[in-house]
Amino acid sequence: GTNLVVADPEIDPALRRRYSSLAPLVGVEDELAAIRSIMPTEVLRGPAATKAAVIAAMPRASLIYFMGHVLHDPEVPFMTTIPLAPPPRTQRADAAVLDIAEIRSADLRRCDVVVLSGCGSGLPFVDGMITAPSLGDAFIDAGAGTSLQTFWRIRDAQPVFRPQDVVRLWRVEGMPLPVAVGTVRRDAMAGPKGIRHPFGWGAWTLMLSCFPDSYGE
């Protein structure tokens with residue numbers, strides 16, 4: 001399969017006006033350059049990262065890496081989406097976001113790893129007895145082997161935990177993915193004055209499917 005990177009999609013201006021969290025991203029250039037130095041990639045970026053293009057590319061990918069925003073709508077809190085570039089000449093609000101139902105309907109059995117480098121990408125909705133899946137859950141439900149995701153807001157500029165380092169240890173140095181995540185987390189914990197605050201490194205978690213072949217023995 002291919003290595004698909006969806007980087008900093010061009011967000012619909014109407015969405016930016018409505019949600020202040022969709023601010024311009026910092027650090028995408030460095031993260032994208034790091035991934036490109038590790039392996040050949042198919043990159044959908046800016047206006048090219050439309051929903052149609054992403055949905056068409058995902059089934060042939062063995063690695064899917066999202067670098068962008070995750071939208072948690074406060075008015076519909078059980079609905080988590082990935083904002084993508086709007087197609088030309090459309091007024092439909094749902095044409096510029098990828099939602100959980102659309103992810104679940106994709107055939108991602110070829111995909112070993114999904115990296116969701118966005119804020120709260122692994123955060124499910126829980127309210128009493130009512131629950132809704134996270135984006136990471138949706139990718140696993142669609143057949144992906146593993147999801148590297150976050151539980152809260154992550155820092156764009158000068159991140160402590162760098163998911164691209166996990167990919168490098170896995171793809172280049174041959175570490176099993178859980179070992180690579182643990183190695184990067186331990187490095188991120190060590191600061192100049194002792195253990196860093198977990199805000200920087202504790203947000204990241206690895207969700208594994210029940211099929212261990214996708215992440216190593």
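In this predicted model, the largest nonpolar core holds 28 residues, and Ile-35, Met-67, Val-166 and Val-167 touch the most other members. A core here is a set of buried Ala, Val, Leu, Ile, Met, Phe, Trp, Tyr and Cys residues joined through side-chain atoms within 4.5 Å, buried being under 20% relative accessible area with a 1.4 Å probe, protein chains only. Two or more residues each come from strands E1 (2–9), E3 (61–67) and E7 (113–117) and from helices H2 (28–38), H6 and H7; these are DSSP runs numbered from the N terminus, helices (H or I) of at least four residues and strands (E) of at least two.

As for the helix pair, H6 (163–171) packs on H7 (177–189) at about 135°, with the axes 9 Å apart; axes are lines fitted to C-alpha atoms over the stretch in contact, and angles run from 0 to 180 degrees between N-to-C directions. The contact is made by Asp-165, Val-166, Leu-169 and Trp-170 of H6 with Leu-177, Ala-180, Val-181, Thr-183 and Val-184 of H7. These residues split into 7 nonpolar, 1 polar and 1 charged.

Residues are numbered from 1 along each chain as its sequence is written, and side-chain values use heavy atoms, without hydrogens or water. Local features need pLDDT of at least 70 and side-chain atom pairs 80 or more, while totals for chains, interfaces and linings use all residues.

Conventions: Contact means heavy atoms within 4.5 Å. Ala, Val, Leu, Ile, Met, Phe, Trp, Tyr, Cys and Pro count as nonpolar, Asp, Glu, Lys and Arg as charged, and the others, Gly among them, as polar. Buried means under 20% relative accessible area, exposed over 50%, partly exposed in between (1.4 Å probe, protein chains only).
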